[in-house]
Amino acid sequence: MLRPDAQPIHVQTCKIPSRVVRWCHLWSAYDNYSRGSLSGSIKIYDLRVQGAGGVVWKFKRGHEGAIRDLRWSPFIPYWFATCGEDACVKVWDVRYAKSAVLELMDHSNSVNSVCSTYSKHYNLLSLTRNSSQ
C-alpha cells in the first residue's frame with residue numbers, strides 16, 4: 001500500500017523527452033533502468049551511480065527518429081531490442097556499444113512494439129500500425 005507522503009526513490013531529468021522507460025529487471029540488483037528517446041538515443045541508468053547522471057551505457061543514434069519501444073530479453077540479461085519510427089527493429093548487447101548486434105529492416109512503416117517470447121530465446125515479435133510484418 002502506498003503512503004500518501006511517499007516520495008520518489010529517484011528523479012531523472014532528461015534534456016530530450018523519452019517515449020519509453022523500462023526497468024532492467026534481469027540484472028542482479030534491480031537498480032537499472034533504460035530509456036529510448038524521441039531523438040533515437042538509448043541510455044541505461046544505474047540508481048547507485050552518482051556521477052554522469054547515473055548513465056552506465058549509451059548509444060547516441062540508436063534509431064533515425066523516435067524509439068517507440070524497448071524490451072529486455074527474458075533469457076540473455078545483457079540483450080534488449082528496440083524499435084522505432086525508422087521501420088527498424090534492433091537487438092543490442094550492452095557489452096558492446098559500437099552498433100546493434102542485429103538489425104531487422106523489413107517493415108514498411110514505423111514499428112510500434114517489440115517483444116520476446118518466454119518459451120524460446122530466439123523468438124522476437126514486432127508490430128506496426130498496419131501490420132506490415
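User: Which backbone oxygen does the side chain of Lys90 reach, and at what distance?

Analyst: Happy to start there, with the reminder that this is a predicted model. The Lys90 side chain comes to 2.7 Å from the backbone oxygen of Gly62. Lys90 itself belongs to strand β7, which spans residues 89-93.

User: Is Lys90 buried or exposed, and what is the nearest side chain of opposite charge?

Analyst: When you meet a lysine, check its burial and its charged partners together. Here Lys90 is buried and has no salt bridge. Glu103 is the nearest side chain of opposite charge, 4.2 Å away, and the cut-off for a salt bridge is 4 Å. Glu103 is still among the residues that Lys90 touches, a list also including Gly62, His63, Phe80 and Leu102.

User: What is Trp57 in contact with, beyond its neighbours in sequence?

Analyst: Leaving aside residues within four places, Trp57 contacts Ile42, Lys43, Ile44, Phe80, Trp92, Asp93, Val94, Tyr96 and Ala97.

User: And where does Val55 lie, and what does it touch?

Analyst: Val55 lies in β4, residues 55-59. Beyond four places in sequence, Val55 touches Lys43, Ile44 and Tyr45. Val55 and Tyr45 are 10 residues apart in sequence, with their C-alpha atoms 4.4 Å apart.

Note on methods: Residues numbered from 1 in each chain as written. Predicted model: local features only at pLDDT ≥ 70, side-chain atom pairs only at ≥ 80, totals over all residues. Heavy atoms only, no water. Helix = DSSP H or I, 4+ residues; strand = E, 2+ residues; numbered from the N terminus. Buried < 20%, exposed > 50% of the residue type's maximum accessible area, 1.4 Å probe, protein only. Lys, Arg positive; Asp, Glu negative; His and termini not counted. Polar contact = N/O pair within 3.5 Å; in protein donor to acceptor, adjacent residues only side chain to side chain. Contact = heavy atoms within 4.5 Å.
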